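Thanks for coming. I have one model to go through, and I will keep to what can be computed from it.

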Amino acid sequence: MNKKGDKLISVYWFAVLFIVAAAIVYMVHAFYGKPYDVRPIEADILISKIARCLSETGHIKEGVFEENFKENFRGICKLNFRVEDVYGWREQEQYYVEIEILKFDSTESVLFLEDGNKQLRDFCGRDEKNFPRCLERSLYSLDKDGNSYKINLVSIVRKTEKNVY
Amino acid sequence: MFIKKFKNKRGQTGETLTWIIATLIIIVILLIAISIANFMGNNKKFDYVKKTDTLASKSLFAYLLTEDTEGQTVYEQLKEAGNFTKFNGELAVDIFKKFYGGEFQQVWFGISNYNKGLMGGTWNGESNNYFGNKPKSTAVGQGGVVAEKNSLSIMIHKEENSIIELLFVWGLKS
């Protein structure tokens, strides 16, 4: 091949090298640039924390049925719903929790408590990527007199911007 | 001279065509790889194995402390009878199957006995009328909470070499 052809091949090789390198950079960005959706874990941690606040060694903690518990729920359970000041998160709360304590045999409700952004409750049961993550779980517990209760817990985490996009 | 020049040009055309096809193949391979990376990036999940379950542990404690009409706790009943009675069996189904059956592929609750073997010991579950046979290849270790991949076991000491076990299995077939 003549010298002109050799030069052309060299340019071609550089072009191919550049294309491959650019594609690798794009692929790495496409994979690692997307966030992991950790909201199901966050919702699970939140529910576990509430369960620990309500029940201890099989018994519902003292004070749970008192009016003060409803009023100071976050303080008593040491919950903090504060979030970063991004995407307007401070304007609408990113969490919602719900506690319902029912008598085990009659399903009569003895305590209902909800806290956080109530609008998020509508998203439960709709398992779509862009929607807030909702977790509903139950536990069994006793009071100090040995009566049985079913405790239904709901925790919802929004934070869509940082976990999906 | 003319024939030599003509042959040379034909050679160059063939070589150029080879490079063009090679470039196209490289681009196609890269596009496929980019599509795969995009798809995987959009569908990646944070995979984690649960090593404990707070709610199930608390339910288990409360269940074992539940008293029957004679004031005997379920734990005492299980120790005494060695297996479920109608009262504690039905209660166990109402709690563990109804509360956690939808979350896990299998829920098993019952008595397990320690069997020493050549390759270490295993906890063999006793079959019962309420939860059936213990799911296979999941029981390893002794004492406390033991977790394996895709299974979670909460164990309560009953007597020497015998435990009360609550087992959740997901992603495994029995």
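A:Arg158 is buried, because 24 other C-beta atoms lie within 10 Å. The cut-offs: a residue is buried if 20 or more other C-beta atoms lie within 10 Å of its own, exposed if 12 or fewer, and partly exposed in between, with C-beta atoms placed from the backbone. A:Arg158 sits in the loop between β6 (148–157) and α5 (160–163) of chain A. Helices here are DSSP runs of H or I with at least four residues, strands are runs of E with at least two, and both are numbered from the N terminus.

What does A:Arg158 touch, leaving out residues up to four places away in sequence? The partners are A:Gln94, A:Leu120 and A:Pro132. Contact means that the C-beta atoms of two residues, placed from the backbone, lie within 7 Å. A:Lys34 is 124 residues from A:Arg158 in sequence, and the C-alpha atoms of the two are 17 Å apart in space.

Before going on, the conventions. This is a predicted model, in which local features need pLDDT of at least 70 and side-chain atom pairs count only at pLDDT 80 or more, while totals for chains, interfaces and linings use all residues. Residues are numbered from 1 along each chain as its sequence is written, and chains are lettered from A and ligands numbered from 1 in the order in which they are written.

Confidence next. The model scores ipTM 0.83 and pTM 0.79. For pLDDT, the predictor's confidence in each residue from 0 to 100, chain A has a mean of 89, and 96% of its residues reach 70 or more. Chain B averages 83, with 83% of the residues scoring at least 70. Among the elements of chain B, the lowest mean pLDDT is 50, for strand β3 (residues 145–148), and the highest is 95, for α2(B).

Staying with chain A, the domain assignment gives domain 1 (1–34) and domain 2 (39–163). Those bounds come from an automatic or database domain assignment. The C-alpha centres of the two domains lie 54 Å apart.

One backbone detail in chain A: A:Lys78 has a positive phi of about 55° although it is not a glycine. A:Lys78 lies in the loop between α4 (73–76) and β3 (95–103) of chain A. Is this residue buried or exposed? A:Lys78 is exposed, because 9 other C-beta atoms lie within 10 Å.

Now chain B. Its secondary structure comes to four helices and five strands, and along the sequence the pattern is α-α-α-α-β-β-β-β-β. Of its 174 residues, 28% count as buried. Among contacts in chain B with a separation of 6 or more, 49% join residues 24 or more positions apart.

Take helix α3 (residues 74–81) of chain B. Its buried residues are B:Val74, B:Gln77 and B:Leu78. They lie on the same side of α3(B), because they cover an arc of only 95° around the axis. That arc is taken over the directions from the helix axis to the C-beta atoms. As background, an α-helix has 3.6 residues a turn, so residues three or four places apart point the same way. The cover over the buried residues of α3(B) includes α2, α4, β4 and β5 of chain B. Just after α3(B), B:Gly82 takes a positive phi of about 80°.

In α4(B), the buried residues include B:Asn88, B:Leu91, B:Ile95 and B:Phe99. The buried residues of α4(B) pack against α2, α3, β1 (106–117) and β5 of chain B, and also against β5 (133–142) of chain A.

That brings in the contact between the chains, which takes 30 residues from chain A and 27 residues from chain B. On the side of chain B that touches chain A, α1 (2–42), α2 (54–65) and α4 (86–100) each supply at least two residues. The largest share, twelve residues, comes from α1(B). By class, this side of chain B has 16 nonpolar, eight polar and three charged residues. Here Ala, Val, Leu, Ile, Met, Phe, Trp, Tyr, Cys and Pro count as nonpolar, Asp, Glu, Lys and Arg as charged, and the others, Gly among them, as polar.

Last, B:Asn161 has a positive phi of about 60° although it is not a glycine. B:Asn161 lies in the loop between β4 (151–159) and β5 (162–169) of chain B. With 13 other C-beta atoms within 10 Å, B:Asn161 is partly exposed.
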